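Subject: Structure handover

Hi,

Please open it first, then read the notes below.

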Amino acid sequence: MDTDRSLTIAEELALRGITRREFLKFCTIMAGILALPVDRAEKIARALENVRRPPVVWLEFQDCAGCTESLLRANRPSVAELVLDIISLNYHETIMAPAGRAAEKSLQDTIKEGGYLTIVEGSISTADNGVYCCIAGRSALEILQEVAANTAAIITVGACAFYGGWPATPPNPTGAKGVKDIISGVPIVNLPGCPMNVDNLTATVVHYLTFKELPALDSLGRPLFAHGHRIHDNCERRGHFDAGEFVEAWGDEGHRKGWCLYKMGCKGPVAFQNCPSIRWNEGTSWPVGAGHGCIACAALNFWEMPAYEPVPIHALTPPATYPAVEPAAGMSPITAGVIGAAVGVAAGVAGAVAVHQLTKEKEA
Ligand code: SF4
């Protein structure tokens with residue numbers, strides 16, 4: 001459906017038959033994702049009802065289009081799609097209706113008007129003046145610099161726009177870089193991930209529209225609400241880690257029982273994202289829940305991490321100090337259980353402290 005940019009979001013909602021109840025439910029979910037007190041949902045609702053649609057330019061460069069796929073599969077309440085639809089797609093190279101000169105005119109008109117949000121997906125080719133990625137006869141580098149000059153803020157989505165992603169893996173023939181390595185002097189929010197979780201994009205936009213500012217960021221420019229917590233600390237398999245119950249091979253008994261995937265290469269102990277809480281596919285699942293270790297897709301240079309090797313979490317290697325799951329020969333099950341529990345608790349605490357210290361060291 002076409003949207004009239006003179007309408008407020010409340011007017012758009014009414015036009016599209018979205019009930020107030022559905023709208024308030026959406027605002028409550030957004031407050032939850034943003035880690036705000038529930039009473040802020042009302043403030044979000046008031047702000048969104050009265051805001052006019054800001055224009056958004058979505059640039060897509062060197063990537064697999066996974067983040068656009070993520071956008072198209074936004075399936076929280078339909079209001080989320082509506083909010084993104086209303087503010088987005090003034091210009092989107094992959095899914096906009098116009099093509100050719102009409103599409104480029106839309107981009108130029110938006111730039112001229114100014115005050116728009118820019119969303120960047122994909123890395124930027126910088127080698128040989130950016131010749132390896134061109135759109136409408138101009139390099140991605142040139143387009144990004146032009147769009148960035150008049151934008152209110154940039155939101156990067158996915159690993160490629162964050163630090164270069166897979167196009168930047170050695171030998172990086174196109175000189176692929178992320179936005180933060182090219183653009184300065186413009187507020188930039190990074191929503192990495194491979195792909196980004198569209199709920200985090202929706203929440204970032206809602207925060208911007210409600211509070212007229214971007215959310216608080218960590219040292220890598222990622223929103224704290226989405227990247228402020230370690231996956232390992234919120235993982236449903238954490239109890240098995242602390243108990244020394246690990247999957248040793250795909251499909252083994254531990255795998256079937258949902259044990260910890262650390263030994264299968266899970267990067268949860270050094271990864272920071274809200275996957276365990278907001279999840280994917282309408283909040284039904286996430287990679288670790290489905291039986292595969294976290295690959296730390298929101299981390300810098302994650303494509304170069306060996307996916308199936310355990311991440312070193314401390315020189316003491318806490319898992320090696322865990323008690324065996326099976327009782328030791330010649331020991332009664334009760335005695336083994338008591339000793340095992342005591343060692344397990346001690347090792348679990350040591351492990352948690354070690355992980356915390358290691359991550360702090362990495363972040364420092
Ligand atoms: S290592 Fe991975 S699977 Fe195990 S508890 Fe941590 S995040 Fe969960």
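A disulfide is a pair of cysteine sulfur atoms within 2.5 Å. Keep that cut-off in mind for Cys133. Its closest cysteine sulfur, in Cys134, is 6.8 Å away, so the two are too far apart for a bond. Across the model, which is predicted, the count of disulfides by this rule is zero.

Now the cores. The largest nonpolar core holds 38 residues. Cys27, Ile44, Leu48, Val157 and Leu201 have the most contacts inside it. Helix 9, residues 198-211, supplies the largest share of this core, with seven residues.

Why does Cys27 count as buried? Its relative accessibility is 0%, and buried means under 20%. Setting aside neighbours within four places in sequence, Cys27 is in contact with Ala41, Ile44, Ala45 and Leu48.

There is also a second, separate core, of 25 residues. Cys133 belongs to this one, and its other members include Phe61, Ala140 and Ile188. Cys133 counts as buried because its relative accessibility is 11%. In soluble globular proteins, nonpolar side chains tend to be buried together.

Last, the ligand. Which residues surround the ligand? The shell consists of His232, Cys235, Arg237, Arg238, Phe241, Cys260, Leu261, Tyr262, Cys266, Gly268, Pro269 and Val288. By class, the shell has eight nonpolar, two polar and two charged residues.

Best wishes

Definitions and conventions:
Residues numbered from 1 in each chain as written. Predicted model: local features only at pLDDT ≥ 70, side-chain atom pairs only at ≥ 80, totals over all residues. Heavy atoms only, no water. Core = buried A, V, L, I, M, F, W, Y, C linked by side-chain atoms within 4.5 Å. Buried < 20%, exposed > 50% of the residue type's maximum accessible area, 1.4 Å probe, protein only. Helix = DSSP H or I, 4+ residues; strand = E, 2+ residues; numbered from the N terminus. Contact = heavy atoms within 4.5 Å. Near = heavy atom within 4 Å. Nonpolar A, V, L, I, M, F, W, Y, C, P; charged D, E, K, R; others polar.
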